[in-house]
Amino acid sequence: MNCDDARQLLLLAGYGELSFEEEEALELHLAACPGCQAARAENESLESLLAKAELDPPPGLLARCRRDLAVRIGEESAPRRRFSLAHLWDRWVIHPPMWLRPVGALAMLAAGFFAARVVPESPMLARLTGGPAPLASVARVRLVNAAGSGQVRVQYDEIRQRELTGSLQNEQIRSMLISAAADPSDPGLRVDTMDLLKNHGESDDVRQVLLQALRTDPNSGVRLKALDGLKAYAREPETRQALAEVVQRDDNPGVRVQAIDLLLQNREPEVVGLLQELMRREENGYIRSRSQKALREMKASVDTF
Amino acid sequence: MNPSSASLALSQPGAAQACTQGAESMDEAALIRAAQAGDHDAFERLVRNYDQSVLKLATNLLRSPDDAHDVYQEAFLRVYRNINSFRFDCSFHTWLYRIVTNLCLDQLRKRKVRKTEPSTVETPEGTVDRLETTPEYRPHADPQRSLLSTEIKHRIEDTLSQMSSRERMVFEMRHYQGMRLRAIGDVLGTSEEAAKNCLFRATQKMRTALGDLL
């Protein structure tokens with residue numbers, strides 16, 4: 001082996017890509033060649049320098065990615081909601097496509113420009129624009145009156161952002177999570193909340209939240225998380241009732257599949273009617289074959305007459 | 001199959017090369033089949049097996065958290081939409097990484113056209129690297145070491161940005177993701193030999209750029 005060959009192999013050796021024979025030949029060469037030994041040392045310092053430039057994703061990015069993915073998959077897999085008003089609002093106003101955003105921004109700019117020309121200037125507006133910027137945290141002014149000596153008293157509601165840390169046993173944390181689970185404005189927040197609550201279904205209040213989300217949440221990502229949390233309670237009548245409703249009414253095949261799997265874990269007699277009904281009108285092939293198989297195993301008729 | 005009972009195929013993100021053999025690959029195959037049957041739980045577990053390494057690759061390649069976020073979303077949405085067309089004729093890792101590297105290549109090409117450097121922003125105090133604003137990249141307590149470390153980082157990033165998109169891709173996958181050259185070749189649709197040559201060129205450029213520090 002000459003030095004040129006050895007230098008080529010040195011790099012691959014650093015990555016553990018050499019065969020046994022190549023490694024042996026390289027080691028033999030290195031033992032007798034100070035030039036290549038120096039080249040190996042140079043490679044090693046290159047490695048340690050490169051390690052300095054390795055990036056880890058910023059904190060929170062992975063969680064944000066997972067949350068956004070759950071929401072987008074939830075939206076993707078709800079085809080029957082595609083033309084609902086709520087969907088259109090969300091699709092075109094809350095999360096418009098990228099190409100529409102500059103158009104929307106221009107339209108708002110133009111609307112503002114023309115409104116300023118058409119609408120007469122209000123005294124309140126004049127005061128606001130002439131004075132200090134309004135408090136960002138003021139939600140609503142409730143009361144104003146003169147306080148004497150030319151002073152004015154203003155009573156207002158204020159929104160403050162605060163942080164609370166504690167276990168799920170903490171009553172305040174629990175009640176905030178229950179409230180976040182029903183926040184209609186942020187499906188991502190609801191997905192995260194369900195993720196936290198799903199392992200605490202032993203409490204009645206949490207289980208009720210899971211059941212409510214499963215039955216009514218418009219986002220299928222949230223409903224799937226709720227289903228996950230209810231797995232351990234699939235024998236309970238209230239859960240079975242909710243699962244039966246989901247199997248019959250949910251517009252997301254993924255949610256229906258999970259619900260039917262849970263229902264079939266415990267083959268109570270009342271499930272037969274539901275399975276026969278599914279055989280009659282279910283479009284999803286997997287659910288139909290699952291129902292058919294279960295009916296046969298339960299020695300029930302596959303058809304209704 | 002009970003999807004919920006399928007155990008995780010790979011506990012280590014990025015260790016997916018091993019998935020082509022043995023019991024682990026059986027478990028992963030079960031997860032994929034469950035996901036193909038519409039099991040969201042199985043799909044989520046598949047995502048979680050790989051998403052940390054996907055995000056790290058995208059972050060290192062694109063050097064922009066926002067672009068890495070977009071690539072993550074688009075890659076896994078494509079997997080979700082096309083999972084039924086996955087026919088097990090390559091490993092899931094290879095299939096996923098093909099999607100991710102194609103998306104990253106598109107981003108890098110777009111950047112070359114736009115000639116922008118998205119990891120930096122202009123501020124009244126000068127140019128700031130957005131990635132440096134996160135805790136991992138805060139300067140070291142020792143100002144001299146911090147200066148040297150920043151200098152090294154900038155030189156490495158400059159060199160990476162001067163590499164061709166493919167050189168950069170091979171370099172990142174081999175160096176930071178620890179992927180074998182054969183797997184890199186599979187992902188990029190080329191031979192192991194071509195991936196090796198690409199790695200040589202990329203490393204040579206890096207060595208030249210950092211020569212005085214070695």
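Here are some questions and answers about a predicted model with a chain A and a chain B.

Me: Let's start with chain B. What pattern does chain B follow along the sequence?
Reply: Happy to start there! Chain B has eight helices and two strands. Read along the sequence, these elements give the pattern α-α-α-α-β-β-α-α-α-α.

Me: What percentage of the residues in chain B are buried?
Reply: A residue counts as buried when its relative accessible area is under 20%. Chain B has 214 residues, and the buried share of them is 50%.

Me: How much area do chain A and chain B bury between them?
Reply: The size of an interface is often given as the accessible area lost when the parts come together. Here, chain A gives 43 residues to the contact and chain B gives 53. Carbon and sulfur atoms hold 62% of the area buried between the two chains, and that area is about 4700 Å².

Me: Which helix of chain A gives the largest share of the side that touches chain B?
Reply: Several helices of chain A each supply at least two residues of that side, among them helix 1 (3-14), helix 3 (34-52) and helix 4 (61-76). The largest share is ten residues, and these come from helix 4.

Me: Is A:Val154 buried, partly exposed or exposed?
Reply: A:Val154 lies in strand 2 of chain A. Together with A:Val141, A:Val144, A:Val152 and A:Tyr156, A:Val154 forms a nonpolar patch on the surface. Its relative accessible area is 42%, so A:Val154 is partly exposed.

Me: What covers the buried residues of helix 14 of chain A?
Reply: Helix 14 spans residues 271-281, and its buried residues include A:Val271, A:Leu274 and A:Met279. Their cover includes three helices of chain A: helix 12 (237-249), helix 13 (253-263) and helix 15 (285-297).

Notes:
Residues numbered from 1 in each chain as written. Chains lettered and ligands numbered in written order. Predicted model: local features only at pLDDT ≥ 70, side-chain atom pairs only at ≥ 80, totals over all residues. Heavy atoms only, no water. Helix = DSSP H or I, 4+ residues; strand = E, 2+ residues; numbered from the N terminus. Buried < 20%, exposed > 50% of the residue type's maximum accessible area, 1.4 Å probe, protein only. Patch = residues over 30% accessible without salt bridge, like charges linked within 9 Å, V, L, I, M, F, W, Y side chains within 5 Å. Areas by Shrake-Rupley, 256 points an atom, 1.4 Å probe, with all protein chains shown as cover. Salt bridge = Lys/Arg side-chain N within 4 Å of Asp/Glu carboxyl O. Contact = heavy atoms within 4.5 Å. Buried area = accessible area lost by both parts, 1.4 Å probe.
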